[in-house]
Amino acid sequence: MTAWLELRGIKRSFGAIHALQGVDLTVNHGEIIGLVGENGAGKSTLVKIMSGFDADFEGEFLVDGKPAKLGSPQNANAIGIAIAQQELSLIPTMTVAENIFLGHNRGPGVCLLSTLADLSRPLLEQVGLANLSPTTPVRRLSIGERHLVEVARLIAHEPQLLILDEPTAALGESDSRRILAMAQHLKEQGKSIVYVSHRMNEIFKITDRCAVLRDGRSEATVPSRELNTDKLVALMLGRELGAMFPEKPGAPNPVARFKVERLRADRLQSPVSFEIRCGEILGIAGQLGSGSGEILATLAGARKAHGGALYDMTTGKSRLPASPRQAIRRKIAYCSPDRKHDGLFLGRPIMENLSAPNLKKISTMGLLRAPPERGQANDIAKTFTIDAGRLDQEASVLSGGNQQKVALGKWLSIEPELILVDEPTRGVDVGARAEIYAKIRALANQGAAVVIASTDLLEISNLPDRVITFFKGVRTGELAGGEITSDGILRLITNPEPTGFGASAIPQAS
Amino acid sequence: MNTALAGGGVDARGFMQRHGVKVFVAAVVLLFVYFAATTPNYLTLFNVKTIIRDAALVGIMGIGLTFVTLSGNFFLLSMKETAALCIIAFALGMANDYGFVISLAGALAIAVFTGAIQGALIGIGGNPIVVTLGAAGILYGVASWWSDNLVISYPRPHDAEWLGTGSVLGVPNITIAFIVIAVIAELALRKTVFGRQVYLIGANRSTGKATGHENLSMAIKVCIVASVCCAFVAVAFSAQLSSAQANYFSSEFGSSGDFTILVIATVMVGGNSIMGGYGSTLRTSLGAIFISSVDNLMVLKGFASGARVLSVGLMIVFSIIAFAYLRRGRRSEG
């Protein structure tokens, strides 16, 4: 049997950087291929080439054994390749049906919404949205549903190969399950899928084979059933990864450093109180929309509080910071889940990113002084294993993992006492992930009080010393020490369904 | 079976992406050299000094506006109206014998006040274009009303002449002021906390806020800087002419049309990012000199003023396209 699609020796360079140095890949009918690799391994470059957005490559491209011409999204479409990107291209104010047929110019010039709705129903059925009315405006849909609509729109063109680029990166547990079910369904219909994801459990659950990229080369293509986390990570890194999660200290400090009293934040149904201790990592677990992220943002002054207090047990201050500026003055650091939005200055040098929160420290009388700025940047770069030779480059050149290290590392400049991190490793590859976990633990060990919020069950059940759980704005429990298990957390952060869901959906700690 | 697959058109596009800006700049330079060499009296020391002197007034205002643009607050459309109000205030001061220092202080005070108000409105979320368009109407109205739309003149000799027409070793003082202001502005951007904040907030306002740098105080500061530059230009211009009228900076007067558009052109032709966070006042200064060179060339070639206004418009459009292309090429290598 010949493969439907075959890539041979794909190469791509950006100036002196060889992003791809000979990648081979075959895709058969009715199979899901996991495309995995660290950030910077060349996944996104390969995806861009396959979907026709990048024409400047070398190498062969065969469809059904015959050479095919790629080089523009139109050509890719004609061959039968479609891509669902991380950034959605739906228009929120239009209906689902209108979005699906946006840009289609077949059929009559005038089209009734009801006709479009009828045409879109079978497509919605295919992606598991049979119950969704095609006349609903897209803005009313959850992010997960929007992803599914995007896919419905792509399969209207009847592609043979669908590339899903981190479709679940921004999704909670239940939306992710719908995406996985949709992929399985399309596979059963004979479609091929290239699935790009950092989430190991998804890769194992739905893919048939895994294509591993490392440093721009195809390292191996391995049947997924022969893989486990350790093997896959070793293939991606080219070495064995030590422990993913750092050791927890034996007995955490029981003394409260900060006390959150009757906090009323967006999405919270009732006021919340809890304490944060020195040297401890507190986890706030909850799905998207549970209010967990809002708690962190409110404590950091990035969101308006509706009431409550944040007692600093050392200084005696009790008011919630009204702005990030006030929070910084109180040595409170906050990383939002979206580092590109408000965690980084992408167009500015890495060094300026690292010194931004505390320009006072590197200046006298309003004049910047270069030596302390570089010294501080070197120190942070060393702590967070950022390449010191790249400090003068723009932050945008860094991979996701290194960007996250900069977004987090910049807060060292204020010598933070309370560190709030929402989604510490979103879009971060496995190697950088372990490093970031280790740094967060190191900050706690140095005496900082750390709070993380996460929708990633694996990290929220393995990194923190204590976990508070939320479901739809209501606090549902608190777990500490040995009580913290991913099953236990999952039960507390999801609506208990009568049927329950497969244990296979629950990631286990590696 | 390699890049040939992608087709010839793509190769040409690839070439343009890599070298497009070089080709563009080379073409402009060649064209310029050709015309400069074939135009009598163009490349004389006297004419070069004229070019830089002509660039000075619009260049100083451009430097002020650069702070606004770099900080991500787009443009002030009230540049020439601010200058109009300041020139009236200064000339009234001079005509009523308050002397240079007090008249200058009056013009600067008005600039600080009007700049601060516009900055505050922008900082709390007002659209810079709308806010300053409104401000432009108000400022010009006040200037026109206050002066009864008449020419206010004051007799020479007066104690502002050194700024208007004076020179040191043959270099006009206004040229020296332009150079000094350009150097100070560039140092302020690169070496001070304020300058760093301009770049950071311009690069990403949300991250700026999250790291404690709020746009409200920034918008007020940069609008004051821009307005003060307008006031200084107004004072120098009035000192040169020993008079003032509200419409001195409007299209009826002056050589190449609307002063605000000229000022915006210096920022754009210099290649500063419209979205902020990238650029420098040095670029603006060079932009001003380039525009002045082209304008001067066209005068010597005998073009009518309409053609010269058109050339400024074309320079804005082409520079936006060229620099957008350049930056896209730079980013895609990430």
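Colleague: What makes strand 9 and strand 10 of chain A a pair, and how do they run?

Modeller: In this predicted model, six bridges join strand 9 (residues 209-214) of chain A to strand 10 of chain A. Two strands pair if there are at least two bridges between them, so these strands count as paired. They run antiparallel. Within strand 10 of chain A, T221(A) stands opposite A211(A).

Colleague: Which helix packs on the sheet, and what does that helix touch?

Modeller: Helix 8 (residues 229-237) of chain A does, touching strand 3 (32-36), strand 9 and strand 10 of chain A. Contact here means heavy atoms within 4.5 Å. The direction of helix 8 of chain A makes about 35 degrees with that of strand 9 of chain A.

Colleague: What is the strand order of the open sheet in chain A?

Modeller: Six strands form it, in the order 6-7-8-3-9-10, and the pairing is mixed.

Colleague: Why are strand 6 and strand 10 of chain A called edge strands?

Modeller: Strand 6 (81-84) and strand 10 (217-223) of chain A each pair on one side only. From one strand to the next, the twist averages 20 degrees.

Colleague: Why is N99(A) called buried?

Modeller: Its relative accessible area is 0%. Buried means under 20%, so N99(A) qualifies. N99(A) belongs to helix 3 (residues 96-100) of chain A. Leaving aside residues up to four places away in sequence, N99(A) touches L90(A), I91(A), M94(A), V138(A) and R153(A).

Colleague: Which residues touch the most other members of the largest nonpolar core?

Modeller: I100(A), V151(A), L164(A) and I489(A) do, in a core of 93 residues. Helix 15 (residues 430-445) of chain A contributes the largest share of this core, eight residues. A second, separate core has 77 residues, among them A55(B), L139(B), A182(B) and A265(B). In soluble globular proteins, nonpolar side chains tend to be buried together.

Colleague: What does I489(A) touch, not counting residues up to four places away in sequence?

Modeller: The contacts of I489(A) are A285(A), L457(A), I460(A), S461(A), V467(A), T469(A), L479(A) and I484(A).

Colleague: How many helices and strands does chain B have?

Modeller: There are 13 helices and four strands in chain B. Of its 334 residues, 52% count as buried.

Colleague: What share of the contacts in chain B with a separation of 6 or more comes from residues 24 or more positions apart?

Modeller: Such residues account for 79% of those contacts in chain B. The chain exposes about 14,700 Å², and carbon and sulfur atoms supply 71% of that area.

Conventions: Residues numbered from 1 in each chain as written. Chains lettered and ligands numbered in written order. Predicted model: local features only at pLDDT ≥ 70, side-chain atom pairs only at ≥ 80, totals over all residues. Heavy atoms only, no water. Buried < 20%, exposed > 50% of the residue type's maximum accessible area, 1.4 Å probe, protein only. Areas by Shrake-Rupley, 256 points an atom, 1.4 Å probe, with all protein chains shown as cover. Core = buried A, V, L, I, M, F, W, Y, C linked by side-chain atoms within 4.5 Å. Axes fitted to C-alpha atoms, helices over the stretch in contact; angles between N-to-C directions.
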